[in-house]
Amino acid sequence: MKSLGIDIGTTTISTAVVENGAVIDSETWENGCFLPPSLPGERAQDIGTIEETVNRALDAALSRHPDLKRIGVTGQMHGILYVDRRGNALSPLYTWQDARGDAPCEKSADGASWSEYLSRETGLSVPTGYGFVTHAYNLAHGLVPPETAYLCTIGDYIAMKLCGGAAPVMDASNAASLGFFSLKTRMFDYAALRQVGIDPMVAPPIALTPLIGRFRNTVGVSVAIGDNQASFLASVKDRNAEMLVNVGTGSQFSVFSERCMQAEGLETRPMPGGGWLLVGASLCGGRAYALLAEFFAQTARMMGSEPSDVYGAMERLLRSSPHPESIPDVLPLFEGTRQDSSRTAAITGLTAENFTPLHLIWGMMEGMAQELAQMYRAYLAAGGLPRQLTGSGGGLRRNPFLCDCFSRAFGTPITLIEGREEAAAGAALFAAQ
């Protein structure tokens, strides 16, 4: 059976066709639909443009594969849009990058941000960018359209539209990304929402079955799932034996658990179909290596030379030199952490002998690996079982030396997957179940 997965990312929209568990076709479209901000910190995208791109991508896939039987949807989590009782969009998509939750909360006597105020009032972790933090800000500032019936993620909205529905439904993996979600019940925490003045009826119901309708009365459509969970589904062969690290612009550690466990520095997220995914993210990740490359490029310009291939030069240095001794310790927290955005990067252990480009390159790579390996150690400390290491993302595929650093940091060999639109492929695999 052929199934199609659609991934509505922040900058691209991708499709993947899966047959017998393998990706046989994929395509990526630009998602250039950001709107100029009307308020400080606002980060919004145009819904109509997203719909048009999804429809073009869907028509293109169907023209090549008219025998599709299932459609799965995933996409950027945390963000929200508002819909009326007919399922029409009333607002743009306020994305996960929306930073208005960091603005001072008028309800707080001590100038705490909206995220801090909501967390303090409820005892729940609700970071900036999570949908209900954005919604709380919008409520307080009169920005919620009066005809609003529901809020939902972009994936929920597109899945509803494909079915011709009038009300969205959510999978727990998407619902948890909005905040105010109970891991114990796998439902929204209605009491906590009421506690901070939010009508819980604005939250869509949780889907009881994966299949929520049919596209053009023929192709089954599954409930939208979170993109992190979708990527994990497509990246590991055995969820109970493997853990996943992904290194792109950012980087991420993910490991599956049958039980709902908590580990320091990791977020516990529902997996579609049951179980849990423990997730840790580096806000800088692969960008740390790019920052070092830019430092070298600026140094070359200072010396009067315009560099043409900085990454190539870094790779040639690594290949032509033995692994050095006394590598400095690099903490690549250039963007802080999810728990503390004020933290900064650091380099320690520098000496006259190891203050060289070669040592700094190795130090940066080992720091990137250690940041995620620390998350694995937190998982083990919480009672998790050792896992095999699977890697994905361009940062690892293009850099075998970084792969070596991850193998050493995690204490186990790393196996790279081919990687082909993992999130879209995961949505397709979920739909085919």
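View 1. Val245, Phe253, Met365, Phe406 and Phe410 touch the most other members of the largest nonpolar core, which has 43 residues. A nonpolar core here is a set of buried Ala, Val, Leu, Ile, Met, Phe, Trp, Tyr and Cys residues joined through side-chain atoms within 4.5 Å. Buried means under 20% relative accessible area, exposed means over 50%, and partly exposed is in between (1.4 Å probe, protein chains only). At least two residues of this core come from each of strand E15 (242-247), strand E16 (251-257), helix H8 (287-302), helix H9 (310-320), helix H10 (357-381) and helix H12 (400-410). Helix H10 gives the most, with 12 residues. Those labels are DSSP runs numbered from the N terminus: helices are H or I with at least four residues, strands are E with at least two. This is a predicted model, where local features need pLDDT of at least 70, side-chain atom pairs count only at pLDDT 80 or more, and totals for chains, interfaces and linings use all residues. Residues are numbered from 1 along each chain as its sequence is written, and side-chain values use heavy atoms, with hydrogens and water left out.

View 2. Leave aside residues up to four places away in sequence, and Met365 touches Tyr289, Leu318, Asn399, Phe401, Leu402 and Cys405. Contact means heavy atoms within 4.5 Å.

**View 3. Rings stacking around Tyr376.** The count of aromatic pairs comes to 14. Rings of Phe, Tyr and Trp (its six-membered ring) pair if their centres lie within 6.5 Å; planes under 30 degrees apart count as stacked, over 60 as edge-to-face and the rest as tilted. Tyr376 and Tyr379 are stacked because their ring centres are 6.1 Å apart and their planes sit at 20 degrees. Both lie in helix H10, 3 residues apart, which is about one turn of the helix. An α-helix has 3.6 residues a turn, so residues three or four places apart point the same way. Tyr376 is buried at 6% relative accessible area, and Tyr379 is buried too, at 1%. Tyr376 also stacks with Phe410, at 5.5 Å centre to centre and 25 degrees between the planes. Tyr376 belongs to helix H10 and Phe410 to helix H12, so this pair ties together parts that are 34 residues apart in sequence. Phe410 is buried, with a relative accessible area of 7%. Phe253, Tyr376, Tyr379, Phe406 and Phe410 make up one aromatic cluster.

**View 4. Two arginines sitting over rings.** Arg43 lies over the face of Phe34, 3.9 Å from the ring centre. Arg239 does likewise with Phe256, at 5.0 Å from the ring centre. To count, NZ of Lys or CZ of Arg must be within 6 Å of the ring centre and within 35 degrees of the ring normal.

**View 5. Helix H3, mostly under cover.** In helix H3 (residues 131-140), 8 of the 10 residues are buried. They are Gly131, Phe132, Val133, Thr134, His135, Ala136, Tyr137 and Asn138. Their packing partners are strand E7 (81-83), strand E8 (93-94), helix H2 (114-122), strand E9 (150-152), strand E11 (187-188) and helix H6 (190-195). Just after H3, Gly142 takes a positive phi of about 65 degrees.
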